[in-house]
Amino acid sequence: MTTTVRTRVAIIGAGPAGLLLSHLLAKSGIESVVIDSRSRDEIEQTIRAGILEQGTVEVLDASGASSRALAEGHRHDGIELRFEGEGHRIDFQGLVGRSVWLYPQHRVLKDLIEVRLAEGQDVRFGVTAERVEGAEGARPRVFATDADGEPLEIDAEFVVGADGSRSVARTAVTGSQTGGYFREYPFAWFGILCEAPPSSEELIYSNSPNGFALISQRSDTVQRMYFQCDPDVDPESFTEEELWEHLQARVPGTTLKEGHIFQRDVLRFRSFVAHELRHGRVALVGDAAHTVPPTGAKGMNLAVADVILLGRALRALLLENDERPLDAYPETASRRIWKAQHFSWWMTSMLHVAPDATDFDRRRQVGELRSVVESEAGRRFLAEAYTGWPLDTAL
Ligand code: PHB
C-alpha cells in the first residue's frame, strides 16, 4: 500500500541545505517534510570540512539554527600559505575585517537536527527518493521508499532537491542525473584524524615539490590533516609512520606534532554545476546543484547561500503568490556559485602539483603564489573570497 503525505514543500536530503531550508521556511509558517535515505547516525557521523564563513555563522546564529557554531567554534583570523619552505600569513582581519569559524559540518548537522526535531519538524530518515514527477504542474510529487521498504509519495506545492552530489531530484530539473558542467582533477586528498595537539594555531595550506598538504584542526587533542594523493590509492595501504612521512614531506619548514591516526579516508574531488537549477516547481540547492573541490572549504557555505535565496523565493511564492524571486533564483544563485567555482579551482590549481607538471609549470606556480602573498591586493582578493562574499542576510 502506498502512503501519500501532503505538505507545502517536500525537501529531499537532510544535509545542511535541506535542514536549514526547512528551518527558515518554518520560521515563516511554511510547513515542509524532509526525507533522507541515510539514518540519523550516518548523517551525524559523516566527516566533512570544518570551515564556516562569517556570513554562514551569522545566519546559523541569527536564525536559531545553530548558536553553538558561534559560541563553541574557533574563530580564525587568517591562514598560512606555505611554499618553498616558508609560511606567509593571510591576515583576514587586517585585510577585510572578517574571519572564518572552524566548526565541523557534522556538528552543524547535529545542531540542526536537534532544533528541527524539537520544533516538531517532519524529518524522515531511511526514506529513499526514487524520482520526482510533475515539475511543470501545480503539485509536484516525490516517489520514495520508506524505511520499511513500503512506497511513499509526497504531494507538495514545491519540491527541493537538497540530496547531494548524486541527486535524484536533478533529473526532474535538468533532464538527466548527470546534466551539468564539470571538470575532474588528477588527484585526491588523503584525510586523517589523529590524536595530537595542534601543529599550528591557524590552517596551513602548503605547496611543496611533493604535492599539497592542509594542516587543519578539530580540538586541543584531535587534528585533521590532508595530503594530495592519487585518486585510486587504497587508504589502508600506508602505515601510520608512512602517513606522517608523507604529511611532513609536504610542509617543509614546519614540524608536525604527531600522534595516533584513528581515521583515514580518500576524498576524490571534482567541480560540477548543474545545467539548470530550477524547472517549474522543482529546484536544486547545495551539492545537488554544484560541487566544489575542498580547497577553500566553500561547499557548505555555498549551500547556505543557495538556501537563503531559495527560502526567500519560496516565501514569496507560497505566501504572496509572487513568482519573481523564484524566476530570479537560478541567475542570482549562479553568480555566487561560479565565483566559488573559480575560487575553489584557483586555490586547487595554485597549491597542488599535477602529475604531469613540467619544470615550467612548477616555477610558474611559485610565481603565482608569490604574486599573491607579496601583493596586498593579492592577499585581499584571497581573504575576501575565503571569508565569503557578502550574503543578503535579511532573512
Ligand atoms: C577541514 O578542516 O576539514 C578543512 C578545512 C579547510 C578546507 C578543507 C577542509 O579547505
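**A walk through the fold, from one loop inward**

Let's start at Glu84, which sits in the loop that links β6 (78-83) to β7 (86-91). Glu84 isn't a glycine, yet its phi is positive, at about 50 degrees. Is Glu84 buried or exposed? Its relative accessible area is 55%, so Glu84 is exposed. Here, buried means under 20% relative accessible area, exposed means over 50%, and partly exposed is what lies in between (1.4 Å probe, protein chains only).

Before we go on, a word about what you're looking at. This is a predicted model, in which local features need pLDDT of at least 70 and side-chain atom pairs count only at pLDDT 80 or more, while totals for chains, interfaces and linings use all residues. Residues are numbered from 1 along each chain as its sequence is written, and side-chain values use heavy atoms, with hydrogens and water left out.

Ala297 also has a positive phi without being a glycine, this time about 55 degrees. You'll find Ala297 in the loop between β21 (290-291) and α9 (299-320). With a relative accessible area of 9%, Ala297 is buried.

Now zoom out to the whole protein. Along its principal axes, the C-alpha trace spans about 60 × 45 × 40 Å. How does the radius of gyration fit a compact globule of 395 residues? Such a globule would come out near 21 Å, and the protein has 21 Å, so the two agree. That radius is taken over C-alpha atoms, and the globule rule is 2.2 Å times the number of residues to the power 0.38. Of the 395 residues, 56% count as buried.

Gly191 is part of strand β14, and at 0% relative accessibility Gly191 is buried. From Gly191 to Arg315 there are 124 residues in sequence and 40 Å in space, C-alpha to C-alpha. Arg68 belongs to helix α4 (residues 68-72) and is partly exposed, at 31% relative accessibility. Arg68 and Tyr103 are 35 residues apart in sequence, with 8.8 Å between their C-alpha atoms. Then there's Glu374, in the loop between α11 and α12 (376-387), which is exposed with a relative accessible area of 55%. Glu374 and Arg268 are separated by 106 residues in sequence and by 32 Å, C-alpha to C-alpha.

Next, the cysteines. How many disulfides does a search of the whole structure find? It finds zero, where a disulfide means a pair of cysteine sulfur atoms within 2.5 Å. Take Cys194: the closest cysteine sulfur to its own is in Cys229, 17 Å away, so a bond is out of reach. Cys194 is buried, at 0% relative accessibility. Cys229 is buried too, at 9%.

Last stop: the second largest pocket, with a volume of about 320 Å³. To find a pocket, a 1 Å grid is laid over the protein atoms alone, and the pocket is an open set of points where a 1.4 Å probe fits, with protein on both sides within 12 Å along at least five of seven lines; lining residues have an atom within 4 Å of a point. Grid points are joined across faces, edges and corners, and the volume is the space filled by probe spheres set on the points.

Which residues lie nearest the centre of this pocket? Out of 18 lining residues, they are Ser349, His352, Ala354, Arg364 and Gln365. At least two lining residues each come from β14 (180-195), α10 (324-351) and α11 (359-373). The largest share, five residues, belongs to α11. Domain 1 (3-50 + 104-179 + 275-351) and domain 2 (182-270) each give at least three lining residues, with bounds taken from an automatic or database domain assignment. Sorted by class, the lining has eight nonpolar, four polar and six charged residues. Ala, Val, Leu, Ile, Met, Phe, Trp, Tyr, Cys and Pro count as nonpolar, Asp, Glu, Lys and Arg as charged, and the others, Gly among them, as polar.

Conventions: Helix = DSSP H or I, 4+ residues; strand = E, 2+ residues; numbered from the N terminus.
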